[in-house]
Amino acid sequence: MKIAICPGSFDPVTLGHLDIIERAAAMFDEVVVLVMSNSSKNSAFSVEERMMLLQKCITSDKIKVDTYNGLLVEYAKKIDATAIVKGLRAVSDFDYEFQQALINKSLYPKIETVFMPAMGENMFLSSSMVKEVCRLDGDISPYVPKQIVDDIYLRCKGD
Ligand code: ADP
């Protein structure tokens, strides 16, 4: 069985993330969306909330949600994953993602990193952009799954 991991902070999940997750599910037998909890980023949602938001948007039973606060490759070894799937929005993503892919390969040679180009309409989309639009009272419904629009407004809308 070929298992892929889609790691990230998902604070919160966007249509850009979901597109990559679903495309990965079409290529692998199982996809684990891994909410990394060791990020230095200041998050709007707790890890448990981010996992709950992801669960609300996932319809396929090939896709699981989990969390980990250690080294990604250790998690990959633990579940015997074949690949790490990452979305690339622009050249600006590439430098960092390429470094990550090389260090992961060096730490665990059995793992491959697969890069998927973002869909044109998601190129500008990030969790931080969604939070900012929400804070300024803009319409976030084109950018996030409809199941979680209200959850994001409740947390991020400005006063
Ligand atoms: P962000 O970069 O928005 O904080 P994450 O750290 O949660 O997001 O990213 C997890 C993965 O999803 C990364 O591989 C990232 O490149 C990818 N990703 C994020 N936003 C998009 C998007 N709009 N389209 C495609 N892939 C994306």
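A residue is called buried when its relative accessible area is under 20%, exposed when that area is over 50%, and partly exposed in between, using a 1.4 Å probe and counting protein chains only. By this scale Cys134, at 0% relative accessibility, is buried. Keep the scale at hand, as it returns throughout this walk.

A word on the model comes next. This is a predicted model, in which local features need pLDDT of at least 70 and side-chain atom pairs count only at pLDDT 80 or more, while totals for chains, interfaces and linings use all residues. Residues are numbered from 1 along each chain as its sequence is written, and side-chain values use heavy atoms, with hydrogens and water left out.

Let us stay with the cysteines for a moment. A disulfide is a pair of cysteine sulfur atoms within 2.5 Å, and by this rule the structure has 0 disulfides.

Now look inside the fold. A nonpolar core is a set of buried Ala, Val, Leu, Ile, Met, Phe, Trp, Tyr and Cys residues joined through side-chain atoms within 4.5 Å. The largest one here has 34 residues, and those with the most contacts inside it are Ile21, Val31, Val33, Leu54, Val85 and Ile152. Among the elements that give two or more residues to this core are strand 1 (3–8), helix 1 (15–27), strand 2 (30–36) and helix 2 (47–57). Helices (H or I, at least four residues) and strands (E, at least two) are DSSP runs, numbered from the N terminus. Which residues does Ile21 contact, leaving aside its neighbours within four places in sequence? With contact meaning heavy atoms within 4.5 Å, Ile21 is in contact with Cys6, Phe10, Val31, Val33, Leu54 and Ile63.

Charged side chains come next. Side chains of opposite charge can pair when their charged atoms come close. A salt bridge is a side-chain nitrogen of Lys or Arg within 4 Å of a carboxyl oxygen of Asp or Glu, and the structure holds 11 salt bridges. One of them joins Asp11 and Arg50, at 3.9 Å from N to O. This pair links distant parts of the chain, with Asp11 in the loop between strand 1 and helix 1 and Arg50 in helix 2, 39 residues apart. Asp11 is buried at 4% relative accessibility, and Arg50 is buried at 5%.

Asp11 has another partner: its side chain meets that of Lys131 in a salt bridge of 2.8 Å, N to O. Because Lys131 lies in helix 5 and Asp11 in the loop between strand 1 and helix 1, this pair ties together parts that are 120 residues apart in sequence. Lys131 is buried as well, with a relative accessible area of 18%.

Arg23 is partly exposed at 25% relative accessibility, whereas Asp19 is buried at 16%. As for networks, salt bridges that share partners join Asp11, Arg50 and Lys131 into one.

The backbone has some points to notice too. Most residues other than glycine have a negative phi, and most peptide bonds are trans. Against this background, the peptide bond from Asp11 to Pro12 is cis, with omega near 0°. Phe10, in the loop between strand 1 and helix 1, has a positive phi of about 50° although it is not a glycine. Asp80 also has a positive phi, of about 55°, and sits in the loop between helix 3 (72–79) and strand 4. Is each of these two residues buried or partly exposed? Phe10 is buried, with a relative accessible area of 5%, while Asp80 is partly exposed at 48%.

We finish on the outside. Val91, Phe94, Phe98 and Leu102 form a nonpolar patch on the surface, with about 400 Å² of accessible area together. Patches are made of residues with over 30% relative accessible area and no salt bridge, where like charges are joined within 9 Å and nonpolar side chains (Val, Leu, Ile, Met, Phe, Trp, Tyr) within 5 Å. Accessible areas come from the Shrake-Rupley method with a 1.4 Å probe, and for residues only the protein chains shown count as cover. Phe94 sits in helix 4 (residues 91–107) and is partly exposed at 33% relative accessibility.
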